[in-house]
Amino acid sequence: MRYWSILFALAAVFSIGAFVYAPFSPDWWLPNSANEPYHAVSKFGREIDSLFLIILWITGIVFIGTQIALVWVSWKYIDKPGSVATYFHGSQRLEVIWTIIPAAILVFIALYQMGTWAEIKFRSSAPKVLPLAEVTARQFQWVIRYAGPDGKLHTTDDLHLVNDLHFVKSAEKLEKPALIWLQSGDVLHSFFLPQLRIKQDAVPGLKIPVWFDCDRAGQYELLCAELCGWGHYKMRSKVTVHENQADFDEWMQRKLSEQNQSQIAAVAQGGK
Ligand SMILES: [Cu+2]
C-alpha cells in the first residue's frame, strides 16, 4: 500500500528538517553559555565547533540522500498483484564503492582535524607558563590548589578551594591559555568544560597538563564527564572567568585572607 510509503516519507521529511536546521542554529545542539548563545566563547571552542559542523555536513548530506533513496524505492517498488520478486547475488562493484567512499571520508577527517588536536592536546603545544593550579579529582569533588601570589605550586601561600575554578580571560594575542595540572585521587574522572569544549580524563597515577582559553568574562561550568560513582553528579562546579589579572588577584587575596583566618581559628581552637 502506498499509505505506508507516505507515512515513511513524513518521518524522513521531519528528520531531514532537523538536519537542515542544525547548522543554522548551533545554540540548539551545542552547550553555549547564556550570554553568547550562538558562538563558542573560546578559540579552541570555535575550532572544535567547525570540526563538528564539517562532520554534520558530511553525515547530513549522506543522510538526506539515503532518506530520499529509501522513500523513492518504497514508492516505486510497491507490492502489485502478480509481480514477482527477482533475486540476485549482490554486487561486488557496489560493495567496493560503498567501502572506499566512507574510508576516504574517514581519512579526510583524520587529516583535517590533526592541527586542532595538536594545538589542544599535544604536550609540546602546552603554553609555556607556570600552572595556575593543580586540580585533583576525587569522589566526588574537584580539589583545586592554586599557586597563590608567588605563582609557584606547593609553597605556603597556596590557596585551597573545592569546586571553584577561576582564571583570567585571554585577550587577543596578549595572554596565553590557562594551564592546570590534572590528576586523580581515586578512580577515572573526566575534566569537562562544556562551554569551552575542553574534555580530559583524569587518570590515577598520571599528572596531565590541560590548557584552555576563554574570551568572555563570566560564569561557566565544570563537570565530570566520566561516570565515577554514585555521587558523580555532585562534581558539577563553578567556573569564573575574570576580566583581567587585577580582578583575579583581588579575588585571590580575598580568598587567601579567608583561608588564613580559618586556619588561625583552627589553631586557636586546637590550642584550648
Ligand atoms: Cu567524577
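A quick note on the ground rules: residues are counted from 1 along each chain in the order its sequence is written. Because the model is predicted, local features need pLDDT of at least 70 and side-chain atom pairs count only at pLDDT 80 or more, while totals for chains, interfaces and linings use all residues.

**Domains.** The protein chain is split into domain 1 (2–79 + 90–121) and domain 2 (127–265), with bounds that come from an automatic or database domain assignment. Their centres, taken over C-alpha atoms, are 35 Å apart. Twelve residues on domain 1 are in contact with twelve on domain 2; contact here means C-beta atoms, placed from the backbone, within 7 Å.

**Elements.** Helices (H or I, at least four residues) and strands (E, at least two) are DSSP runs numbered from the N terminus.

| Element | Residues |
|---|---|
| Helix α3 | residues 92–112 |
| Strand β6 | residues 189–193 |
| Strand β7 | residues 198–202 |

Buried means 20 or more other C-beta atoms within 10 Å of a residue's own, with C-beta atoms placed from the backbone.

β6 and β7 run antiparallel, joined by five bridges; DSSP must find at least two bridges for strands to pair. F191 sits opposite Q200 in β7. Q200 belongs to the covered face of β7 along with I198 and A202, whereas K199 and D201 make up the uncovered one. Four residues lie between the strands, and in this hairpin R197 takes a positive phi near 60°.

Conventions. Expected span 1.5 Å × (residues − 1). Contact = placed C-beta atoms within 7 Å. Buried ≥ 20, exposed ≤ 12 C-beta atoms within 10 Å, placed from the backbone.
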